[in-house]
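Colleague: I would like to learn how to read a protein model, feature by feature. Please start wherever you like.

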Amino acid sequence: MARVYNFSAGPSMLPESVLKTAADEMLDYHGSGQSVLEMSHRSAVFDKIIKDAEALLREIMNIPDNYKVLFLQGGGSTQFAMVALNLMNKNNKADYIITGQWAKKAYQEAVRYGDAKAVASSEDKTYSYIPKTDRSMFRDDADYVYICMNNTIYGTVYHELPDTGDIPLVADISSCILSEPIDVSKFGLLFAGAQKNVSGAGVTIVIVREDLIGNAMDITPTMLNYKTHADKDSLFNTPPCYSIYVAKLVFEWIKNEIGGLDKMKELNEKKAKLLYDFLDNSKLFKGTVVAEDRSLMNVPFVTGDKDLDAKFVKEATENGLVNIKGHRSVGGMRASIYNAMPYEGVEKLVEFMKKFEAENK
Ligand SMILES: *Cc1c(COP(=O)(O)O)cnc(C)c1O
C-alpha cells in the first residue's frame, strides 16, 4: 500500500528514512544480535544510544552547558504537574498566559499546588491570537511565567517571546520543538512530548536550567522530581528506550539530511507559505488565525459550512490526505505540517483544495 500524507496533530509523520533505518535495525541493532526493544537499558549499547541522543540534541539546539537534558515519560501532560511541583517553590506563585487548551490544562494543574494566576488569555476569540503582554503584567515575586509556545489546536505561535525580566520563562514546546532555532538561554525550562516532531509517543524531553533543579515541594513524588532524573542521567528507572532511539535517528536526520535547524526553518516556512498563500486567496477556505500569530506547524481552516467541511475531510481522506479534520473546539479542518511532512504533501493538499473549490462553488 502507498504511504499516505498524514496531517495528524500527533502522533504524526516521521521521516521515511528514519522509519527505514529503524526497520533495517529492528532484528539486530549494530551487531548486538538484539532489537532496541529488547535490550537492557543498563547495557553499554543502549548507554551509547541515549548519550548520542543527548549529545545530538545539544548540538542541534545549541543547548548551553548549564542546562540539563532529561528523557522522561508521562507525556507533555505530566509536565503540567511537574513544572508546578518543582518550580513553584520560592514564593509559591506562578503566572500563566492562557493561549489554548494545553496552557489552560497546565494552569489548572498548577492551581492545585499554589497561587497560579492567569495573567492573560485569548479565550474570548477561541484562542485565535496571542495576547499581548508586558513585564508589568507579571508579579515580581512569581517563581516563573508559563507559556505554550505553539498552540497545536488553534494554530498560533509566539513569534516574539514575552518580556518576563528575570522571572524564569517556562514553555511547552511540544508541537514546535526542532521546527526552527530557539534561544534556549532565554528560558528556565522547556519541555516537549515527542510524538509531534521528535519520535513516537513515549519520551518527553525536558531542558531545564540547573539552578532550577533540587528545590521541589516536599509532597513531590520521587518520579516527578527533576532531581531524581537529573542525578541519574535519565536512567533512574527504565526509560522509554525505543522512543529515545527513534529520537536519536530523527536528530541525525535533522543534522545530516536537513542540515540543522536554520535549514529546517526554511523548509517549514516554504511549506507553510504555500498553504497560507492559498488560504489568503481562496474564496471558499479561510484560515482561522490572525496573520501575525500564525503557526508554521498547525494550520486550521474552515469553509464556514459544516456539511462542506465534512465533505472535504471525507474526499481528502479518499485521496490519501488523512487526519485533516479539525479539533472539535475549532471545527473545520487542521493541517499539521510538522518537520517530517514533505513539501510534496502540502503541494498535494493545495492542489486538492483548488479542485474541491472549483467543484463546490
Ligand atoms: C500534544 C500536546 C500536549 C499533550 O501531550 P501528551 O504527550 O499527549 O500529554 C501538550 N502540549 C502541547 C502543546 C501539545 O501539542
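**Helix packing**

Modeller: Let's begin with helix H2 (residues 44-61) and helix H6 (residues 241-258), which pack at an angle of about 40° with their axes 9 Å apart. This is a predicted model, in which local features need pLDDT of at least 70 and side-chain atom pairs count only at pLDDT 80 or more, while totals for chains, interfaces and linings use all residues. Residues are numbered from 1 along each chain as its sequence is written, and side-chain values use heavy atoms, with hydrogens and water left out.

Colleague: Which values describe two packed helices?

Modeller: Two packed helices are described by the angle between their axes and the distance between the axes. Helices (H or I, at least four residues) and strands (E, at least two) are DSSP runs, numbered from the N terminus. Axes are lines fitted to C-alpha atoms, for helices over the stretch in contact, with angles from 0 to 180 degrees between N-to-C directions. Here, H2 and H6 are therefore oblique to each other (under 35 degrees is roughly parallel, over 145 roughly antiparallel, 65 to 115 roughly perpendicular, and the rest oblique). H2 passes H6 in a left-handed crossing (the near helix is turned anticlockwise from the far one by less than a right angle; clockwise would be right-handed).

Colleague: Which residues of H2 and H6 meet?

Modeller: From H2 they include Phe46, Ile49, Leu56 and Ile60, and from H6 they include Ile244, Tyr245, Phe251 and Lys255. The residues of this contact of H2 with H6 divide into 12 nonpolar, no polar and 5 charged. (Ala, Val, Leu, Ile, Met, Phe, Trp, Tyr, Cys and Pro count as nonpolar, Asp, Glu, Lys and Arg as charged, and the others, Gly among them, as polar; contact means heavy atoms within 4.5 Å.)

Colleague: At what angle do helix H3 and helix H4 pack?

Modeller: Helix H3 (residues 75-87) and helix H4 (residues 101-111) pack at about 40°, with axes 8 Å apart, and they are therefore oblique to each other. H3 passes H4 in a right-handed crossing. Ser77, Phe80, Ala81 and Ala84 in H3 meet Trp102, Lys105, Ala106, Glu109 and Ala110 in H4. Those residues divide into 6 nonpolar, 1 polar and 2 charged.

**Sheets**

Colleague: In what order do the 7 strands of the open sheet come?

Modeller: The general idea is that two strands pair if DSSP finds at least two bridges between them. In this sheet the order is S2-S10-S9-S8-S5-S3-S4, and the pairing is mixed. Strand S2 (67-72) and strand S4 (115-121) stand at the edges with a single partner strand each, so one side of each is left without a neighbour in the sheet. On average, neighbouring strands are turned by 15° against each other, direction ignored.

Colleague: How many bridges join strand S5 and S8?

Modeller: Strand S5 (residues 144-148) pairs with S8 in the parallel sense over 4 bridges, and Cys148 has Asp172 in S8 as its bridge partner. S8 also pairs with strand S9 (residues 189-193) in the parallel sense, over 3 bridges. There Asp172 has Phe191 as its bridge partner, and Val170 has Leu189.

Colleague: Which way do the residues of strand S8 point?

Modeller: In strand S8 (residues 169-172), Leu169 and Ala171 point one way and Val170 and Asp172 the other, and all are buried (buried means under 20% relative accessible area, exposed over 50%, partly exposed in between, with a 1.4 Å probe and protein chains only).

Colleague: Which strands form the other open sheet, with 3 strands?

Modeller: That sheet has the order S11-S12-S14, with antiparallel pairing. Strand S12 (residues 298-302) is joined to S14 by 4 bridges, and Pro300 stands opposite Arg334 in S14. Helix H7 (residues 261-281) lies across S11, S12 and S14, at about 20° to S12.

Colleague: Is Ser234 buried or exposed?

Modeller: At 4% relative accessibility, Ser234 counts as buried. Its phi is also positive, near 65°. By contrast, Asn92 is partly exposed, with a relative accessible area of 31%.
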